[in-house]
Amino acid sequence: MKIKISCRKKLALNSRKDAIIIPVYKNIPPLRTITGKKIDDELRAVLDSDYFNFDEKEIKSFYAEINKKLKKIYIIHTPKEINDAKIYREMGAKTAGILGEDKICSFSLIAFEDVYNKKKDFVCTTAFMEGVMFSLYSFDAYKTKKDANALEEVEIITNVNRLKTYIDNNMSEWNSIFTYVAMARDLVNTPPNILTPAGFADYAEEHTLPNIKKDIWDEKEIAANGLNLVKSVGQGSANPPRFIHLYYEGFPGKTKNIALVGKGVTFDSGGTNLKPTESLEKMKSDMGGAAAVYAVINLAALQSLPVNIHAYIPLVENIIGSNALRPGDIIKSFSGKSVEIMNTDAEGRLILADAISLATKTDPEIIIDIATLTGACVIALGEFCAGLFSNRKFLSKYISDAAYKVGEDVWELPLYEGYSEKLKSKNADIRNIASGPKYGGSIIAALFLKEFVENYPWIHLDIAGTAFIESKHPVFGAQATGFGVRLIYQFIKTHYLN
Ligand code: BES
Ligand code: MN
Ligand code: ZN
């Protein structure tokens, strides 16, 4: 899975890799100065023939005899006039997929900036490589026969000195980012019999970087610390809950900190309000928020970001059982507010409520929670776009901009106050689902969380659709996506570094 990337100033003619990739567009001027004459001549012949049509997203290959050896050359049609990273990410993912099927182990890529004659703004090659990295991921830990992509080495060929410097300077960070994206994807893909709350906690025990302080509570400590909502959601399972609190102090002496909260339901059966069969299939992914938060804090620590980050990860299995939570139960939350449980399948907001309350205790500059929270969000926005809520306009803007930059799409939904009274309970301070018709479910869930935020600056990301994709995303592929890792990391880097 891990690939070696290098960047060289040389002629493609001297490539020692299995294949050469050349981006082309209609009426492209000669590329001799980067490919060498022989390749350019062969390329012209192919581009002038009707083998290549300049169709949208067209990728074709041919063989050229170079230095007495046959070399495979892939030509990819690139839209010169469009500078949108998304297109290049998709192109990279698609190309890597095809090369994988062709069992190519290494390739040289002629940088887009060379083909376009661009001397600054290196979005195209960077985004293409991101697409390559995404598509190389595979989850085959539990397969006897591994079907991993063969690709191991990529060489970027460029004559643009500033691009080479840029790539050389950023390579190690890209590798770190994708290592942690893969970690988040692995955690989400791991089956729920293995990744129980204790399974996740053991993983964190082993993989948390040494410059992060960790506090991992078992069910007794969870109860002793008053996290009653976490305790109650987990009480029906033979796999008892855990609570992970991590602290990365990248800026000692600064009191301000960022609080990240991730929903960690290792399996969501719905509990007493048991889900129907089809809905159960992907419920191992109900800890996608927890995985993202865990990955981000480790990534920040690995990159030594000068910032202080708390991560709060409540872990439960929401399952049926003789001791499981019932509709009608009233639980006193960590905040002191009593919650009437009217549906045990609305469990994410319960464990998040306690974790968010705990987060407010360290006076954070911002709280970001990320959670596979509502089916309603998937209905509204589909699998490629996450729901965004915030109690500060500027934060919605910041996170939307970061989302656009990394290609992890979000769309803002309102914290519509008019629905707040639906959460009023006859017998307790608040109920966990709306009374009356079941409309606007994502907003209701967000409004429930808001009750525990104490008006701290807050962002809520509903990743029920994007964390785990049943169809296929053009960049993230199928199943676990690692959604949120690059997004939150980018957001922190842009706005919270000192
Ligand atoms: N984990 C689910 C939300 C979910 C649904 C995630 C589909 C991914 C795909 C959550 O705990 C849940 O069950 N929510 C309920 C809330 C309802 C009972 C108010 C839902 O969305 O149906
Ligand atoms: Mn549920
Ligand atoms: Zn859930």
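This is a predicted model: local features need pLDDT of at least 70, side-chain atom pairs count only at pLDDT 80 or more; totals for chains, interfaces and linings use all residues.
Residues are numbered from 1 along each chain as its sequence is written, chains are lettered from A and ligands numbered from 1 in the order in which they are written, and side-chain values use heavy atoms, leaving out hydrogens and water.

**Overall build**

- The chain has 16 helices and 20 strands, where helices (H or I, at least four residues) and strands (E, at least two) are DSSP runs numbered from the N terminus.
- A compact globule of 498 residues would have a radius of gyration near 23 Å, and the chain agrees with its 25 Å; the radius is taken over C-alpha atoms, and the globule rule is 2.2 Å times the number of residues to the power 0.38.
- Along the principal axes, the C-alpha atoms fill a box of roughly 80 × 50 × 45 Å.
- Of the 498 residues, 58% are buried (buried means under 20% relative accessible area, exposed over 50%, partly exposed in between, with a 1.4 Å probe and protein chains only).
- Among contacts with a separation of 6 or more, 77% join residues 24 or more positions apart; contact means heavy atoms within 4.5 Å.

**Surface and charge**

- The structure holds 16 aromatic pairs (rings of Phe, Tyr and Trp, its six-membered ring, pair if their centres lie within 6.5 Å; planes under 30 degrees apart count as stacked, over 60 as edge-to-face and the rest as tilted).
- F491 and Y496 form a tilted pair, because their ring centres are 5.4 Å apart and their planes stand at 40°. Both F491 and Y496 are buried.
- Y25, Y88, F112, Y116 and F128 are linked into a cluster by ring pairs.
- Helix α16 (residues 485-495) is largely enclosed by the rest of the structure, because eight of its eleven residues are buried. Those buried residues include R486, Q490 and F491.

**Residues to look at**

- Y312 sits in strand β11 (residues 308-318) and is buried at 1% relative accessibility. Beyond four places in sequence, Y312 contacts residues including F243, H245, V261, A355 and T362. Y312 and K263 are 49 residues apart in sequence, with their C-alpha atoms 9.0 Å apart.
- L302 belongs to helix α11 (residues 288-302) and is partly exposed at 40% relative accessible area. Leaving out residues up to four places away, L302 touches S176, Y180 and L209; S176 is 126 residues away in sequence and 7.7 Å away, C-alpha to C-alpha.
- N27 has a positive phi of about 60° without being a glycine. N27 lies in the loop between β2 (19-24) and α1 (32-35) and is exposed at 73% relative accessible area.
- N455, also not a glycine, has a positive phi near 60°. N455 is in the loop between α15 (441-450) and β18 (458-462), exposed at 57% relative accessibility.
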